[in-house]
Amino acid sequence: RESWQGDIQVNLVDKHHRKRKSHEIALAVRGPLQKIAARYHANVKIVEVPPGPPVMAPVVAEVYGLDHAQQVQTAREVATAFRKTDGIVDVDTTLEAPQQKWLLAVDQARAARLGVDQAQVVEAIAMAEKGNDLSFLHDPNAKYPVPIRTEFSAGDKADIETLRALRVRARGGALVPLADVTQLVRTTRDQTLYHKDLLPVVYVTGDMAGDTDSPLYGMAGISSRIGEMKGSDGQPTEQRLISQPDVARRPSLKWDGEWQITYETFRDMGLAYSVGLVLIYLLVVAQFRSYGVPLIIMAPIPLTMIGIMPGHALLGAQFTATSMIGMIALAGIIVRNSILLVDFVRQETARGLPLQEAVIQAAAVRTKPIVLTGVAAMMGAFFILDDPIFSGLAVSLIFGIFVSTLLTLFVIPVVYYAYHYEAEEKPHEQE
């Protein structure tokens, strides 16, 4: 996007023709390329395609402060904390290095005495640096007129003295060098200032690479280092996870990047999960016309976590948004198994069978269909187990269904029997 930025895209051969995965290749080339860049005071980043969610970088810190100088100081300290944290790579900031800039200031009094207009000076410099079409060559063999363009060569553009030697015609007809009517002033380019929601901000970015690729672990390590730093006012830099400060009166930092996407995703999915549980409860209440039985039927839903979390740890998989989707789907699957057991018990007790016998019969008769449907769902999930995006969904379904199905066959009959056994014993005690 800028004149000092470049991009090189490397296309890998098909995965069947190489032994390493694309992520492994990216990890291997990052170090050597960054050593080359360091010799030229450049910054090289290795970005895999697709790079992930639509964020500036996986790990982003938004630095706020009372003024720009305070923001710059805090941003540099935060960038140092980024570099000292294990696994954090491709550290960068939106701070720009000072760039030299030359200004040709027109001496208006001298230019007036020599009969040179300021507009002539501007036009001459623009023609030399950017070029200008003086006329067109009308070639009968050309479809469009060919412009006759005057412009300095690349070498002359880089030589300020060559530019100052350029002559302009005065009102009297004499040719006057630009050096006679201009003064050379050395300064620096204006740096880009960033704002977010009307607040001035400086961004510090980084990526996570290594054994643990989740940016949240790197963010936690950086956060602990920043907590040990003292700001310009002697106080620790304030860190925010969700919202930026209303008014930046002191050095503060707001975490963004994939953390923000993760927070919003799990927040929305958590709300959807809660709404789903409420709707399931209301449907089961309408079916069984009881407020206690639906709680028994939904009891195995928390048991899915006993399988989901150890399953992720066993396979070394990360708990992602798709894992959360699998957990939400398991709520409906497990409730279905519970309904099969409870409905069978109610049918048998309605026929006159004792409660204890009905519970035993339900567990014996319904075990086979429950197990078969669970195995079918687990086998379907095996096909997406190696998918980089939906592997979390597969892990949640496989281990969640396996553990919760086994526990459902024991927990539901026992809890249902205990609940109704106490209800039946109370009338006998009163008699």
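## Close-up views of a predicted model

**View 1. Glu 151 and its two salt-bridge partners.** Glu 151 forms a salt bridge with Lys 157, and their closest N and O atoms are 2.5 Å apart. The term salt bridge is used here for a side-chain nitrogen of Lys or Arg within 4 Å of a carboxyl oxygen of Asp or Glu. The side chain of Glu 151 also meets that of Arg 149 in a salt bridge (3.5 Å, N to O). How exposed are these residues? Glu 151 is partly exposed, with a relative accessible area of 39%, Arg 149 is partly exposed at 45%, and Lys 157 is partly exposed at 28%. Buried means under 20% relative accessible area, exposed means over 50%, and partly exposed lies in between, using a 1.4 Å probe and protein chains only.

A word on the model before we move on: this is a predicted model, in which local features need pLDDT of at least 70 and side-chain atom pairs count only at pLDDT 80 or more, while totals for chains, interfaces and linings use all residues. Residues are numbered from 1 along each chain as its sequence is written, and side-chain values use heavy atoms, with hydrogens and water left out.

View 2. Helices (H or I, at least four residues) and strands (E, at least two) are DSSP runs, numbered from the N terminus. Asp 117 is partly exposed, with a relative accessible area of 37%, whereas Arg 171 counts as exposed at 58%.

View 3. Strand E1 (residues 59-64) is mostly covered, with six of its six residues buried. In a regular strand the side chains alternate between the two faces of the sheet. Here Val 59, Ala 61 and Val 63 point one way from E1, while Val 60, Glu 62 and Tyr 64 point the other way. Which strands pair with E1? Five bridges join E1 to E10, and the two run antiparallel; six bridges join E1 to strand E12 (residues 252-257), again antiparallel. Two strands pair if DSSP finds at least two bridges between them. Follow Glu 62 to see both neighbours: Glu 62 stands opposite Tyr 203 in E10, and its bridge partner in E12 is Lys 254.

View 4. A pair of aromatic rings is described by the distance of the centres and the angle of the planes. Rings of Phe, Tyr and Trp (its six-membered ring) pair if their centres lie within 6.5 Å; planes under 30 degrees apart count as stacked, over 60 as edge-to-face and the rest as tilted. The count comes to three aromatic pairs. In one of them, the rings of Tyr 194 and Tyr 203 have their centres 6.1 Å apart and their planes at 85 degrees, so the pair is edge-to-face. Tyr 203 is buried, with a relative accessible area of 10%, and Tyr 194 is partly exposed at 33%.

**View 5. Two aspartates with a positive phi.** Most residues other than glycine have a negative phi. Asp 90 has a positive phi of about 55 degrees, and Asp 197 has one of about 50 degrees. Where do they sit? Asp 90 is found in strand E2 (residues 88-93), and Asp 197 lies in the loop between strand E9 (194-196) and strand E10 (199-208). Asp 90 is buried, with a relative accessible area of 7%, whereas Asp 197 counts as exposed at 59%.
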